[in-house]
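Hello,

Here is the structure we talked about. Please open it alongside this note; what I found follows below.

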Amino acid sequence: MTDSPDPFTVLGLPLRPDLSDERVRAAWRQVAIATHPDRPDGGDPARYAAASAAYAVLRTGWGRSEAYADLAAPLTGRVVSPVAVAARPLGLGSWRALALVPARIWHGRPGRLVLRIAAGLVLALLATRTGAGAPATAGLVTGIGVWLVLTVRADLAPPPGR
Amino acid sequence: MWWYLRARLLLWLLRVTGRALRWAVLIAVLAAAAPVTVVAAVGFAGAWLRGWPPARLRRAACWSLPMTGVYLAGRALQVRTWQALALAPVHDWRHSWHLAAAGRVLTAFVLCAPTAVPAGLFAAAGLWAWRIYAIDNGLAGKTATAPVVFDARQWRRSSRAARGRVAAPGAFPLADRRGRVVMGATIRAVGHRWRPVSAMPYRAMSRHQVIIGSSGCGKTNLMMRTWAGWYVAALAAHYQTGAPRPLLIVLDCKGGPDARTKAARTRTLLHTAGARRVAIWPDEATVSLWGLPPADLAVTLFQLIETEAVGAAAYYADVTQAVITLAVTAPPGPPRDGAGFLDRLEPGWLEAAYAGDASRLGAVAAARRSLGDVSLRYRTLLSRLGPGLDGPGTLTDADAWYFILEGTREQSVAEAQATALTELVAHAATSREGEPRAILLACDDYSAVSGRVPLWQLYERGRSLGVGVQVSAQSWQGLGRDDDERRRICATADGGIWLMRTPYPQPISELAGTRRVIETATKVLGGVWGDEGSSRIQHAWTADPGIARRLATGQAGYIHAGGCTWVQIARPRPSPLSLSPPPPEPVLIPPARQQPAAVPSAPPDDLHDVFGNGARP
């Protein structure tokens, strides 16, 4: 597997284990139509053969699972100490978590999220315009912020793997 | 006489005045603390309308304390003395009255809000707790039926609120940061601490769990959530502490087209939970029964066929067992597949294998007459079992297995398969070869195939092997053949019992136990409820069977440690985000990986396969 090209790339598919049979078949048909040796222009036999091999691997869910596992965790034979295993950080790295926020918003409930944030901003703006003094206003804005932090998570799609 | 009347009048006046004064003082206090009163009233009304418990208001009050902290910090910068800081809220409160009198009500509220909001929410929590207590114990409510009406109404509202919470996309991940399996939104907690999100430690699933719920009650969703949640939490523990890597084994004992759909859904979910190789048996992958140690293999092969232990059948059973033992433990080693095993059930093969061993040759000669029958029986059995158990492949080659047993269509075959698979799980749990794995064996409708391996035996074996066993049944009766067996299964479910909608929940409720409550009887006077009665301590169900019968789809009660938490189960959803590859696992020794064999499928080699018959490029 490691010497042959990545079957997902060969068929122009994203590296995901949860692709449907229909999607893989459609991708294979697309490549096969364009490269089949029986075409008047002779096609592209090498690419057709590669696509055939890739489709043979990816046509079943188990095959996709296998191919995905092979690509995600290439067996390099690298020796890692047990200490390194224990020190492995749990969950998402903070940078990756930040990078995922836009996708989490998009796949979550963006409308509600916007409404929630807008409500929080309006309330905070009202509080600052009342002239109640800095401490009370800061306190109230903090309260609104805490409420937002506690509630917006429900409107975000979960990150992968949780 | 006159003095008596005057005294009575005076007493009445005193009582009325006292009552009026009490009300006046109360109204004055409420008016003086108007911001707190407003917040408390809003909190109380919110809890009543949404069916919240007092704990929810207390949590809200605690979460609003940071605003008080920031406010006090700001005031500390202004006043610089402790005494002035302590009196700052009082000054602001006094100032807010001037502002309110000048028509600046909003400004007045903002000025008081940092202290009024937490105080109001705490007050609302206290008042709401008292209201529930008073209604439950007959101290409040206009009619004697008030506790019943109140309870039913609050359950409806709690359920509605919980349904709303689980509908949110991101509120219920599969596992939380503390390694607990998140199940859904809490509707009501009896004897357990109330938390808005119901979760259980994933180690609870390393013990035994029972799930009971009739068809269509959301059992599949609950089970899938527990599997994926367990997998996420166990994998996190593996990465964090070096705990054994998880291995999930699901036996779907009903089979049929639905099982394929469930298997595909489970695979998608497990992929997002971090599992890489998810095998579906027998459609896509196979395992080898023949990799078992010879002695275990001989016992398992014997158990695969139905035998009786009385009369002539007992003699035949003994002969069969002897023949299998001779064939499997022969000097050339155990057979590698079914065909190899059947080849050995020939007198010539056995005699050649045991040449020089007089006692074994004697046994072969004695069994010679029955060898044909035994061979025929196993030939039939192995052909019915199909190639799924003929390998190659082992359980530990994948991260998760979904075994589909056709228990509804071919019960005897499915029973034999379940027996063999159970043995393979036991072998995987005890094998010292390869890395140790944390195994969860989940049996969906195992009762459909438990004729040969009763559930309690599965439990006992799982307990001794350190394998977590999760068993689901559609009813109490489906758990075993008699009440003794059912009670034994449920009483040993130390990981908890999930009770879903079922028409006969009493036995489970009995196991969950009772709690002490105050029961108040009210007197009927002249056809109306009077204001006299009596109270006494009574026992009420911890897991109310009435509630269990009325549960809506997706609702379940988690019975554990003398308490019951009613939960709205959140549907397990694979993350819609595109997955980046999970972190590569460290490899301590370069492994020679042995993959489970996929069911052979010929690659497409002509256009008919690609485009269908008659298609042209």
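This is a predicted model: local features need pLDDT of at least 70, side-chain atom pairs count only at pLDDT 80 or more; totals for chains, interfaces and linings use all residues.

The largest nonpolar core holds 133 residues, and B:Tyr231 and B:Val425 touch the most other members. Helix α8 of chain B, residues 219-241, gives the most to this core, with 13 residues.

Take a look at B:Val425. What is B:Val425 in contact with, leaving aside its neighbours within four places in sequence? The partners are B:Ile249, B:Leu395, B:Ile439, B:Leu441 and B:Val467.

Another core, of 32 residues, lies apart from the largest one. Its members include A:Leu140 from chain A, and B:Ala61, B:Cys112 and B:Ala119 from chain B. As general background, nonpolar side chains tend to be buried together in soluble globular proteins.

**Helix α16 of chain B**

Next, go to α16(B), residues 455-465. Which of its residues are buried? They are B:Leu455, B:Trp456, B:Leu458 and B:Gly462. These residues sit on the same side of α16(B), because they cover an arc of only 155 degrees around the axis.

What covers the buried residues of α16(B)? The cover includes three strands of chain B: β3 (208-212), β7 (437-444) and β8 (468-473). It also includes the helices α15 (411-430) and α17 (483-491) of chain B. Just after α16(B), B:Gly466 takes a positive phi of about 75 degrees.

**Chain B overall**

Chain B has 20 helices and 13 strands. Its radius of gyration is 34 Å, well over the 25 Å that the globule rule gives for 617 residues, so chain B is more spread out than a compact globule. Along its principal axes, the C-alpha trace of chain B spans about 125 × 65 × 55 Å.

Of the 617 residues of chain B, 42% count as buried. Now consider the contacts in chain B with a separation of 6 or more. Residues 24 or more positions apart account for 73% of them.

Best wishes

Note on methods:
Residues are numbered from 1 along each chain as its sequence is written. Chains are lettered from A and ligands numbered from 1 in the order in which they are written. A nonpolar core is a set of buried Ala, Val, Leu, Ile, Met, Phe, Trp, Tyr and Cys residues joined through C-beta atoms within 7 Å. A residue is buried if 20 or more other C-beta atoms lie within 10 Å of its own, exposed if 12 or fewer, and partly exposed in between; C-beta atoms are placed from the backbone. Helices (H or I, at least four residues) and strands (E, at least two) are DSSP runs, numbered from the N terminus. Two residues are in contact if their C-beta atoms, placed from the backbone, lie within 7 Å. The radius of gyration is taken over C-alpha atoms; the globule rule is 2.2 Å times the number of residues to the power 0.38. The arc is that of the directions from the helix axis to the C-beta atoms.
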